[in-house]
Amino acid sequence: MHTEPDTTPAARIPADVDTPDKIVYGLTARQLAVLAVAAVTDVLLYHALARHLPAPLLIAVLIPATGAGVAVAFGARDGLPLERWLGAALRWWQQPRRLVPRLSAALPPWAPRPATPAPAVAALRLPATAITAAGVIEAGEHTVALVAATTVNIGLRTGDEQEALLAGFGRWLNGLTGPVQLVVAAQRVDLDSHAQRVAAAVDVLPHPALAAAAADYAAFLGRLAAERDLLARRVTVAVTGPAGPGREREVLRRAEHTATALAALGAETAVLDGPRALALLATATDPYTPADTTWPRSRPDLPVTATGTTATGPADAETLATTVGPAAVHDLPGQLQLGDGYAATLVVTGYPAQVGAAWLDPLLAWPGRLDVVLYVEPLTAQQATTRLRRQRARLESNRRTDAGQGRLVDPATDAAADDAAELADRVARGESRLFRVGLYLCVHAATRDELADAVAQIRTTAASLLLDTQPATWRQLTGWLSTLPLGFDGLRMRRVMDTDAVAAAFPLAGPDLPVPLPGTATSAGGVLYGLNRDSAGVLWWDVWAQHNANSVILARSGAGKSYFVKLGLLRALADGVHCAVIDPDNEYLRLAEATGGATVTLGAAGVRVNPLDIPAGDRRPQARTDRALFLHTLIAVLLGEALPPAERAALDRAILDAYDTAGITADPHTWDRPAPLLRDVATALDRQRHSAGTSLAARLVPWTSGSFRALFDGPTTTAPTGHLVVFSTRLLAEELRPAGMLLALDAIWRCVDGAGRSAVASGPGGPPRRQVIVDEAWTLLQDAAGARFLARLAKSARKRRAGLTVVTQDVGDLLGSALGQVVVANAATQILLRQAPQAIDAVAEAFGLTGGEARLLLTARRGEGLLLCGAQRAGFTAVASPAEHRLCIGDLDPAEQA
């Protein structure tokens with residue numbers, strides 16, 4: 001079994017090489033300047049008051065002034081020197097408390113005046129003036145293009161895989177030519193739109209029980225959205241570029257490069273155009289209020305230039321805020337009220353010396369509305385070299401001065417000097433780059449009390465990582481604007497780091513797969529698979545949006561795979577998909593009966609299937625040949641071996657002879673006549689009077705005139721159609737089970753193939769999508785001919801608007817043959833539930849599982865599993881509505897239900 005390495009990839013965060021140097025007596029230039037001002041002030045006060053005040057009173061005046069100067073020189077608050085903190089407070093007191101996107105007109109003279117003066121109101125302006133149709137945001141001296149990316153589940157990767165991801169992220173960092181901003185925002189999962197779509201389709205569903213289950217599913221989605229704060233992480237990279245005429249192409253080129261680099265790490269990326277950028281900004285500015293995200297060109301109040309871009313200018317900043325901003329912003333010292341919610345910004349001011357891979361992950365995975373914002377500004381080699389050389393000289397001078405005067409060396413100065421020397425060496429060798437990094441946390445909550453609790457929890461989480469966080473007191477408005485994906489950093493609280501330290505943060509880390517988000521195309525399709533095991537979100541999946549709609553579901557007995565399959569089947573039916581199931585254990589019969597589906601019980605009295613039937617309405621020239629080829633496959637399955645060449649040739653002649661005897665020739669007009677039976681083929685073999693034909697006819701006796709003839713002894717009794725068809729093979733003898741599954745699969749496929757041809761002929765809007773489910777597929781995979789048939793269907797389903805779902809508990813039969821591996825390789829969606837310890841090594845090797853993923857499958861409870869689709873992986877727990885649950889367990893025995 002794959003195991004995790006003993007060591008975790010780690011990086012070193014250098015000490016703050018921007019620490020101001022100490023000039024005299026361990027004091028910095030700033031401290032000396034403040035103390036000098038305080039001393040001059042004391043002298044002036046002394047000369048002004050000495051003649052008028054007695055000495056005790058004069059001392060009482062000078063002591064507070066001196067103390068204030070010392071406090072300002074040595075004090076700090078919220079990560080800022082005290083004078084800067086007081087300056088921020090003064091600016092806050094001088095600014096309006098309330099900001100609105102558009103100022104209302106003044107009250108007319110006749111309007112009554114309020115009893116108390118209203119708080120000062122100002123216009124809210126975002127640090128951007130316009131968004132072009134291509135998605136370029138004009139923000140003063142620079143432009144911004146937004147790249148949306150999904151998260152990468154790094155938590156279950158091995159150490160080697162984590163190192164590879166960090167190295168790839170580091171290569172992107174080293175290739176940066178300008179500042180970037182990475183915003184990892186917790187967005188509300190949009191289940192409402194899908195619930196409305198399901199509820200709207202209830203009236204057209206073909207059976208009352210199915211309609212009731214769909215309605216309950218829609219209500220269940222609504223309850224989930226109401227009772228849980230379902231969140232998903234969305235990564236937005238704001239790529240900045242120069243402003244000016246004709247520079248739009250440059251920032252878009254940088255955005256495309258970023259999208260390509262992050263996609264190589266396993267994330268799904270896209271450069272956002274104007275409408276999508278506008279929708280994202282509207283959600284980011286006010287996550288608790290649905291915003292009007294209409295593209296500006298449809299708004300008469302927003303000017304548009306001839307080139308299709310919004311006009312620039314001061315007035316457009318106000319108009320843009322009106323389009324995407326909250327209804328109002330109330331600026332408080334330690335928080336903001338944004339529309340219907342509250343927000344507070346925290347600044348990370350201290351970092352540990354050593355960090356592991358994805359050291360930001362505990363903050364990224366915090367189960368609440370937290371936006372993690374990382375600013376990365378690359379320094380050129382010349383800037384880095386000059387900066388480090390100057391800093392090393394200062395730090396070494398301070399260290400030698402302390403040693404020369406007999407003082408203990410300042411540990412902070414000592415660490416900064418060593419780190420500056422190491423960084424200088426690495427930069428000189430071309431092993432790393434330097435970046436100025438800012439890390440901010442924006443917390444959102446619905447009420448003030450919830451916000452206070454959330455801030456306390458986040459600061460505790462950050463402290464567990466040895467991260468020092470400080471509130472952006474008096475600067476909450478600037479802090480909030482700095483956390484919007486606009487490439488704007490008004491706080492400017494940066495720390496110099498090298499490539500390894502920034503790459504180890506890996507802000508793309510997260511367990512969430514793409515889910516429906518407000519204003520995105522992902523709201524259109526898919527169904528709920530369950531709750532995400534590793535986040536506060538859900539696992540939402542649309543098999544029809546993948547490269548193919550095929551699935552493989554693998555689990556040990558009792559892991560809940562049948563329940564999961566039936567739950568997915570119900571939701572697919574509610575989504576308008578037609579389903580057909582091959583059921584070896586009668587697990588789906590009651591579900592079909594309860595929802596108005598059709599059932600075919602192979603092996604029951606009077607139920608027959610003629611493999612030589614040509615599908616009604618099929619006028620293709622090769623239709624008769626196709627049936628002959630299928631009979632070759634069926635007889636190989638019946639006999640349990642491939643036929644020798646002589647017997648295969650004799651069989652081919654006998655099939656054609658039987659068709660000709662029945663009056664069915666190569667002319668399609670004759671294909672409506674009754675088809676010959678299997679016994680007619682055996683009779684034709686006997687007529688050949690050849691040893692190969694006679695021998696084969698004798699071997700077919702059990703199925704033509706012996707104990708197993710009932711299934712083939714007559715024309716096909718039924719050809720079921722409809723939204724759900726279940727073929728049961730439980731009553732078949734063990735010797736007939738593989739053949740019965742093959743017959744059922746053939747009947748289903750003929751329907752799918754015919755529908756696929758009709759869809760091609762009719763174009764879009766043709767027959768519905770179809771899902772074919774083969775339960776306990778190991779029965780069919782045991783036979784080489786059956787496995788070949790199943791592999792051929794797996795390759796052909798996509799072209800016919802169909803998907804094949806293979807369900808099995810026997811890992812060996814699925815993975816132990818080349819054809820079984822073909823079925824797995826052609827399934828874009830792979831679901832693994834609990835596995836047996838004896839099989840986990842084979843499963844881990846076949847599906848490329850990490851040690852963490854293998855352990856998850858060994859310890860998973862019933863209904864828990866892992867979804868795999870290429871590089872996307874996520875754990876989930878299946879959940880059902882009450883009506884769905886009753887239908888899914890309705891086929892169990894009372895004892896099993898208890």
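Student: Are phenylalanine 169 and tryptophan 172 buried or exposed?
Tutor: Buried means under 20% relative accessible area, exposed over 50%, partly exposed in between (1.4 Å probe, protein chains only). Phenylalanine 169 and tryptophan 172 are both buried. Keep in mind that this is a predicted model, where local features need pLDDT of at least 70, side-chain atom pairs count only at pLDDT 80 or more, and totals for chains, interfaces and linings use all residues. Residues are numbered from 1 along each chain as its sequence is written, and side-chain values use heavy atoms, leaving out hydrogens and water.

Student: How many aromatic pairs does the structure hold?
Tutor: Rings of Phe, Tyr and Trp (its six-membered ring) pair if their centres lie within 6.5 Å; planes under 30 degrees apart count as stacked, over 60 as edge-to-face and the rest as tilted. The structure holds 11 such pairs. For phenylalanine 169 and tryptophan 172, the ring centres are 5.4 Å apart and the planes are at 40°, so this pair is tilted.

Student: Which residues do ring pairs link into a cluster?
Tutor: That cluster joins Trp85, Trp92, Trp93 and Trp474.

Student: What lies over the face of tryptophan 92?
Tutor: A charge sits over a ring if NZ of Lys or CZ of Arg is within 6 Å of the ring centre and within 35 degrees of the ring normal. Here arginine 97 lies over the face of tryptophan 92, 3.9 Å from the ring centre. Likewise, lysine 566 has its charged end over the ring of tyrosine 588, at 5.9 Å from the centre.
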